[in-house]
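Please keep the sequence and the structure in view while reading.

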Amino acid sequence: MKQKLDEEGSKCSILSKHQKFVEHCCMRCCSPFTFLVNTKRRCGDCKFNVCKSCCSYQKHEKVWICCVCQQAR
């Protein structure tokens, strides 16, 4: 699991340097955001924009957390 998290961190460090990508695509699955179907959400831990399928809402914290940050927790 640690290797997978490290690989994901490397991918994110490269992709996060491209501002257009960060604004228009999910940092986890790279799918483009759309207005109604695939809206973006900001992860409460890593602060990256992710799609609905790559995150879940934490009711007790009232925040969206991406799948990678959930695994890291």
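## Cysteine sulfurs

How far is the sulfur of Cys43 from the closest cysteine sulfur, and in which residue does that closest sulfur lie? The closest cysteine sulfur to that of Cys43 belongs to Cys46, at 3.6 Å, which is too far for a bond, since a disulfide is defined as a pair of cysteine sulfur atoms within 2.5 Å. The sulfur of Cys29 is likewise too far for a bond from its closest cysteine sulfur, that of Cys54, at 3.7 Å. By this rule the count of disulfides is zero.

Burial is described here by relative accessible area, with buried meaning under 20%, exposed over 50% and partly exposed in between, using a 1.4 Å probe and protein chains only. On that scale Cys43 is buried, at 1%, whereas Cys29 is partly exposed, at 38%.

## Basis and confidence of the model

The model is predicted, so that local features need a pLDDT of at least 70 and side-chain atom pairs count only at pLDDT 80 or more, while totals for chains, interfaces and linings use all residues. Residues are numbered from 1 along each chain as its sequence is written, and side-chain values use heavy atoms, with hydrogens and water left out.

The pLDDT, the predictor's confidence in each residue on a scale from 0 to 100, averages 84 over the protein, and 77% of the residues score at least 70.

## Overall architecture

Helices (H or I, at least four residues) and strands (E, at least two) are taken as DSSP runs and numbered from the N terminus. The protein has three helices and four strands, and along the sequence these follow the pattern α-α-β-β-β-β-α.

Of the 73 residues, 36% count as buried. The accessible surface comes to about 5,100 Å², with 59% of it belonging to carbon and sulfur atoms; such areas come from the Shrake-Rupley method with a 1.4 Å probe, and for residues only the protein chains shown count as cover. With contact meaning heavy atoms within 4.5 Å, 22% of the contacts between residues at least 6 apart in sequence join residues at least 24 apart.

## Nonpolar cores

A nonpolar core is a set of buried Ala, Val, Leu, Ile, Met, Phe, Trp, Tyr and Cys residues joined through side-chain atoms within 4.5 Å. The largest one holds 12 residues, among them Cys43, Val50, Cys54, Val63 and Ile65. Strand β2 (49-51), strand β4 and helix α3 (67-72) each supply at least two residues of this core, and β4 gives the most, with three. A second, separate core of five residues includes Phe21, Val22, Met27 and Phe48. In soluble globular proteins, nonpolar side chains tend to be buried together.

Val50, a member of the largest core, is in contact with Cys26, Arg28, Phe33, Thr39, Lys40, Arg41, Cys55 and Cys66, when its neighbours within four places in sequence are left aside.

Arg42 lies in strand β1 (residues 40-42) and is partly exposed, with a relative accessible area of 48%. Leaving aside neighbours within four places in sequence, Arg42 is in contact with Lys47, Phe48, Asn49 and Trp64. A polar atom of the Arg42 side chain lies 2.4 Å from the backbone oxygen of Lys47. The C-alpha atoms of Arg42 and Val63 are separated by 8.6 Å, although these residues are 21 apart along the chain.

Asn38, in the loop between α2 (19-24) and β1, is buried, with a relative accessible area of 15%. The side chain of Asn38 reaches the backbone oxygen of Pro32 at 3.0 Å, and, not counting residues up to four places away in sequence, Asn38 touches Ser31, Pro32, Phe33, Cys51 and Lys52.

## Positive phi angles

Most residues other than glycine have a negative phi. Lys47, in the loop between β1 and β2, has a positive phi, near 70 degrees, and is partly exposed at 47%. Lys62, in the loop between β3 (55-58) and β4, also has a positive phi, near 55 degrees, and counts as exposed at 67% relative accessibility.

Definitions and conventions: A polar contact is a pair of N or O atoms within 3.5 Å; within protein, one must be able to donate a hydrogen and the other to accept it, and residues adjacent in sequence count only if both atoms are side-chain atoms.
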